[in-house]
Amino acid sequence: MFDPHVDDPFTIAGTAFSSRLITGTGGAPSIDVLEEALVTSGTELTTVALRHVSPTQEGSVWDVLRRNKIRPLPNTAGCFTAADAVRTARLGREALETDWVKLEVIADERTLLPDPVELLEAAETLVDEGFTVLPYTNDDPVLARRLEQVGCAAVMPLAAPIGSGLGIRNPHNLELIVEQTEVPVIVDAGIGTASDAALAMELGCDAVLLATAVTRAQEPGLMAAAMRDAVRAGRAARLAGRIPVRRYAQASSPMP
Amino acid sequence: MNAADRTNLIRIMPAKGVEGSAMRTSHPTNDRRDSRVVVVGGGLAGRVTAWRAAQQGLDVTVVEPSDARSASRVAAGMLTPATEAVFGEEPLMEFGVYSASLYADFVAELEAASGVPVGHRSTGTLMVAFDRDDLAVLTDLHELQQRLGIPTERLTGRECRGLEPMLAPSVRGGVLASADHSVDPRRLLDALAAAGAHAGVHEVTDRAVEVTGSLRVHLAGGETLGADQVVLAAGCWGNGITLPEPVVPTLRPVKGQLLRTRLPGGSEPLVHRTVRGLVKGSPVYLVPREDGEIVVGATQEERGHDESLTVGGLWQVLRDARELVPGVTELEVTEACVGLRPGSPDNEPLLGPTRVPGLHLAAGHFRHGVLLTPATGEAMAQALTEGSLPSPARRFSADREDT
């Protein structure tokens with residue numbers, strides 16, 4: 001059921017999307033399971049690691065995206081320096097004929113946290129080269145502001161480390177980022193279950209990006225449905241305006 | 001077309017070195033319409049099909065190019081349905097358990113028929129978790145194994161190191177799968193080729209480029225083979241073969257890089273059984289053989305028909321192996337290998353008849369080709385003689401994609 005208040009489109013660099021759930025593809029047990037999950041989720045934008053799935057791979061996730069008319073968002077996962085990420089992004093642009101890139105520059109294998117210095121440098125370079133850059137960033141409001149200032153099309157702060165499923169560790173920082181940012185804010189990484197996705201939307205984020213929360217669930221299709229509904233519910237709650245939190249009870253009907 | 005015409009088609013142009021080979025067949029030839037079988041591909045799926053079909057009295061020819069790069073020659077040879085179990089792939093695991101149950105008799109028969117020992121080891125598999133997060137994943141896997149009735153035993157870190165003292169002290173715990181064994185896939189291939197030859201299987205060394213609707217197999221060298229039945233068993237290399245109808249889903253090449261190593265002479269064994277580890281979320285294994293070889297692998301990469309050995313791939317394997325069993329640093333590297341596993345869309349193999357009459361598949365075995373070899377042979381023998389699949393294999397029917 002379409003609800004204009006909930007299914008209000010959001011826009012990245014002039015392109016409107018009606019689904020606010022952006023998915024990744026890593027971790028799926030098979031192509032068929034991945035396809036079922038993506039279709040069920042209703043996603044219209046899906047990110048694929050250029051370093052892990054070559055654009056020339058036959059029978060791959062790229063085919064799944066093509067036949068379901070899901071826009072591909074190549075990413076630079078596995079890159080540890082700005083130069084590495086820029087090179088990978090250029091290869092992706094050539095192979096996939098898209099200027100869009102999810103920029104990841106990782107600091108170390110243990111945490112997979114973004115390296116802020118390399119990230120900002122890579123973002124600047126790629127924006128200058130005409131890319132539409134969606135950077136995966138720390139939940140640091142200052143870094144988010146700098147990324148917006150150099151011309152990124154969105155900022156994508158983490159909820160928690162990649163693949164951890166720890167949920168939103170610093171809701172306060174996310175709220176600060178939402179408050180200050182003009183471009184879309186997309187929570188990226190660390191979502192574990194549906195309530196995490198709903199909370200991100202309630203905090204005012206424009207969209208949620210998640211992968212392993214779905215692909216590594218015991219039933220990926222069912223979790224995809226849960227995430228789809230959670231994102232819509234969280235968005236509706238945000239638009240509806242929640243009640244103030246009170247310390248003591250207040251009867252819903254006046255006491256006689 | 002009648003049977004006599006088909007017989008005339010069998011070799012429209014004789015292939016080099018096989019002129020008159022039909023006369024060398026040791027089994028009685030017959031006039032059945034299904035008697036002449038061409039198997040495209042000489043990996044395990046193709047060779048086991050050829051051997052089993054020849055045992056049934058069919059006239060079988062295997063077509064394999066001289067530069068074939070079969071995934072079977074690279075595989076480590078783990079027969080490990082329990083430790084390969086994946087949520088949502090329970091039927092595949094059941095088929096793996098079924099095939100594993102055939103292995104001992106299969107090996108005995110094959111070794112007797114070929115005279116080639118295949119290095120079958122019944123020492124089980126220990127799967128260990130490196131840190132707390134890995135242990136949580138292993139706990140889920142163990143629950144899945146229990147639910148499916150697979151006998152595995154949960155062990156503490158101390159118990160794991162009791163079984164395998166060379167494991168790193170940081171190992172948190174593990175699962176012992178006593179029925180997950182191993183075999184040497186290269187010897188298995190050699191044995192199947194020898195047993196096939198004894199049973200009358202012919203060899204054509206060339207690359208198949210097209211199979212027509214009338215079951216003529218065009219070869220790159222310009223020759224053509226005729227047949228009553230054709231089995232496509234070329235793994236992901238089959239994607240390049242022209243077919244009358246698109247009866248095969250695209251099989252994605254899933255690249256694996258691994259190392260073949262050897263203990264220096266006189267050393268005590270590094271590990272006593274197959275050891276698989278989850279190291280900070282990344283899987284790694286060591287498969288020991290009787291002759292002192294230890295296979296250390298493997299990556300799983302989706303890079304098309306890319307067969308390059310990379311620094312990153314080998315580093316990942318070595319990094320995790322070194323964390324798990326620090327003593328691997330003493331191993332001599334004898335070979336670095338790369339192969340392409342044929343991945344079907346649902347990771348399940350494609351077996352038996354397609355909707356093109358006479359055209360069969362034995363393909364898409366992905367990570368499980370060695371394990372599924374006995375069951376594939378059984379399924380394909382029935383497919384070629386009766387046109388149907390035995391019940392354990394029925395779910396994996398090649399024409400399931402037609403719906």
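How far apart are the centres of domain 1 of chain B and domain 2 of chain B, taken over C-alpha atoms? The separation is 33 Å. Keep in mind throughout that this is a predicted model.

**Stop 1: the two domains of chain B**

Select 3-22, 32-72, 186-250 and 346-402 in chain B; the domain assignment makes these domain 1.

Now show the residues where they meet. Domain 1 of chain B brings 14 residues into contact with 14 residues of domain 2 of chain B. About 1300 Å² is buried there, with 49% from carbon and sulfur atoms. Pick Arg186(B), Cys236(B) and Phe366(B): this trio supplies 44% of what domain 1 of chain B buries against domain 2 of chain B, more than any other three residues.

Next, look for charges. Three salt bridges link the two domains of chain B. Zoom in on Glu307(B) and Arg69(B), which form a salt bridge with the closest N and O atoms 2.8 Å apart. On the domain 1 side of this contact in chain B, count four nonpolar, six polar and four charged residues.

**Stop 2: chain A against chain B**

Move to the contact between the chains. Chain A gives 16 residues and chain B gives 21 residues. Together they bury about 1500 Å², 43% of it on carbon and sulfur atoms. Select Gln57(A), Glu58(A) and Gln218(A); they supply 37% of the area chain A buries against chain B, more than any other three residues.

Finish on the salt bridges. There are two between chain A and chain B. Display Glu109(A) with Arg319(B): they form a salt bridge, and their closest N and O atoms lie 2.3 Å apart.

Technical notes:
Residues numbered from 1 in each chain as written. Chains lettered and ligands numbered in written order. Predicted model: local features only at pLDDT ≥ 70, side-chain atom pairs only at ≥ 80, totals over all residues. Heavy atoms only, no water. Contact = heavy atoms within 4.5 Å. Buried area = accessible area lost by both parts, 1.4 Å probe. Salt bridge = Lys/Arg side-chain N within 4 Å of Asp/Glu carboxyl O. Domains from an automatic or database assignment. Nonpolar A, V, L, I, M, F, W, Y, C, P; charged D, E, K, R; others polar.
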